[in-house]
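Please look over this model with me. My notes follow the display.

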There are 2 protein chains.
Amino acid sequence: MANGKPVSTLLQSSYPMMGGDGPHSYIRNSTYQKAAIESVKTSAKKAILAKLDLKTSIFNLSSYRIADFGCSVGPNTFDVIENIIETIKLKHQQDETNRNNHENLEFHVFFNDQSDNDFNTLFKTLPRYHIDREVFACGVPGSFFGRVFPRNSLHIGHTSYSIHWLSEAPEDVCNQNSQAWKKNIQCTNLVEEVTEAYKKQFKKDMGAFIEARAQELVPGGLMIILGLCLPDGVQMIRTWKGVVHEMIRDCLVDMAKSGITSVEKVESFNLPVYFPQFSELKEVIEQNGCFTIEIMEEVKHPMEDMLLSNDFITSSYRAIFHGVIEEHFGGGVIDELFDRFAKKLNKDPVDFFKCQKDMQYFILLKRKIY
Amino acid sequence: MANGKPVSTLLQSSYPMMGGDGPHSYIRNSTYQKAAIESVKTSAKKAILAKLDLKTSIFNLSSYRIADFGCSVGPNTFDVIENIIETIKLKHQQDETNRNNHENLEFHVFFNDQSDNDFNTLFKTLPRYHIDREVFACGVPGSFFGRVFPRNSLHIGHTSYSIHWLSEAPEDVCNQNSQAWKKNIQCTNLVEEVTEAYKKQFKKDMGAFIEARAQELVPGGLMIILGLCLPDGVQMIRTWKGVVHEMIRDCLVDMAKSGITSVEKVESFNLPVYFPQFSELKEVIEQNGCFTIEIMEEVKHPMEDMLLSNDFITSSYRAIFHGVIEEHFGGGVIDELFDRFAKKLNKDPVDFFKCQKDMQYFILLKRKIY
């Protein structure tokens, strides 16, 4: 700590969602994630009501500490937290012995994301937390692949649409001498070496995520994980998201041909994103051993059967991949890339009927009590 | 909370120090405050060692929660927190029964300031907190005149050079029909009505500050307050800071004459700053009744006897008053104002030998145990 080196230079690579509230910002382009969160609100509510046991000292509290990991800039994270708070209040209200204290409950709420996340925007757009004098908000900068809270300090953790982000692209796919070095920007699941490299990286990162949360949560504490994976046996390249990633790659290749970026840049670009198969995700959680899996189920995404418009796809992916693309290619390519992408998509739209479905999951873990 | 109105529109006025790390930023122009903090490091260390009683359950902990109120953007706040952490570790090391656990101590550290403070810069310049895996940093947006933490959640609070900032200029000095409406921008202590108006506002604000901390600190918790006041009987206008404030006022009057700003703007401008007299400060703390005053003493500021250079004064005041001036006059006046101020100061420098001294105080409060 005596060493004054800024923490940001020591952390893993970081790809924040597009900050601010401009037309390309994440704040204005996260409808897909919002729909997902909306759709599991009821699941989360039911799960917390069922698993929050006020008979134990752990949850018979007047003050709860709740964290959202990988919060980005809102507004989705605000909805998530509000839903959890309302549920805890309801639980206290329903409980005979605690009925009287539900009006005195206080909530310490922690918004976590990388230290280059736009916390200024997050803080300026906070809902009326402070005014109500019952919810106290904090920002927590740091990579969730490591500890960001003291031991036994959280009662409820939450993360949504975040653990498919790896801490970095797998070493092997970035190494030109490796068998896994292929001219793909993603794990398509077509080439075994590439799949293995991504699988290994995911196990490492997800293992670190689960281990950090195991230390941070109080015994009996709850962890909610919402996200996307693949049903067992489905290849990434067969899903519409896999198709979109390939299309982004094609645009980058075209841009290299036009001299806007270099072939080397494109060849060395690998998305630090991996959608695990359902059983694979379960395996990593079980291997950690600190949690019981209370719920792990598929939940239908409300937009699953919708034919997403090309504009919607373009603006969503621009907001999501802005950081990672800019980091690798520099600031000048984003406009050009997504102009080309929009054109390509209009010429050759995603055939949603031909694509296989990915899977949205809802997980509720309970920290074991030793 | 259901109401989505941003919190920033509901809070009191807020005048953050100049953000970023540019030539006029607070980060580069807070040497005076740094020197003050350095000078009381030893006092703070001694005080914590003496008052932290590991025999009580309150402080026989493996995890401490520490907050700095009005942290601005560093680096001063980082030094303050580091000093507190090192002292707690030392205390555990010195204690026979706790000697073994001092290596497992963890610290949850909270940096509080207004929600328009530049938290992005704060987070990007954090020292190696996270890497050491023992210190976990959070940002806490919100006015410290109200609650920003749950009840009984903090072990040690700290604030330095912040409570002379009022939540707003006193109502009476802003009201043209009031006896206290005078053509001053500060409380000079020359006009009784003005002094009374500022005194009243200070009592209200400082009272609210103390009451909020009384609720947030655990029983037995410590609150350190470092700042500037006036020795009993000394008028603000007789101190060098009072002289400087008057000089800023003179420049604004000149600018109104030149048509750069309006007479009305200057007449309606009142610095929301008040340096209480020593006994007045003590009275507000005692009136609250939730704290015992363990230490309340004058500490010499290391620059007290130095003749500060004109450049130093100009750049320090620019960084400090930037926010409050811009809020009232708009963005265009800062450069012009401080160009004029620098010229005026060079022509007619502060006569430090003729000025009376203000007083730097160090206060350690202990939350009473009921």
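**Notes on the model**

1. A:Tyr161 is buried, with 20 other C-beta atoms within 10 Å. (Buried means 20 or more other C-beta atoms within 10 Å of the residue's own, exposed 12 or fewer, partly exposed in between; C-beta atoms are placed from the backbone.) A:Tyr161 is not a glycine, yet its phi is positive, about 55°. It sits in the loop between β4 (154–160) and α5 (171–174) of chain A. Helices (H or I, at least four residues) and strands (E, at least two) are DSSP runs, numbered from the N terminus.

2. This is a predicted model: local features need pLDDT of at least 70, side-chain atom pairs count only at pLDDT 80 or more, and totals for chains, interfaces and linings use all residues. Residues are numbered from 1 along each chain as its sequence is written, while chains are lettered from A and ligands numbered from 1 in the order in which they are written.

3. A:Ser72 also is not a glycine and has a positive phi of about 55°. Its loop lies between β1 (63–69) and α2 (76–94) of chain A. A:Ser72 is buried, with 28 other C-beta atoms within 10 Å. Most residues other than glycine have a negative phi.

4. In chain B, helix α2 (residues 76–94) has 19 residues. It reaches 27 Å from first C-alpha to last, close to the 27 Å expected at 1.5 Å a residue (1.5 Å times one less than the number of residues). Its buried residues include B:Ile81, B:Ile84, B:Ile85 and B:Ile88.

5. Strands β4 (154–160) and β5 (217–229) of chain B pair in the parallel sense over 6 bridges. (Pairing takes at least two DSSP bridges.) B:Thr159 has B:Ile225 of β5(B) as bridge partner. β5(B) and β7(B) (359–367) run antiparallel, joined by 8 bridges. There B:Leu222 stands opposite B:Lys366.
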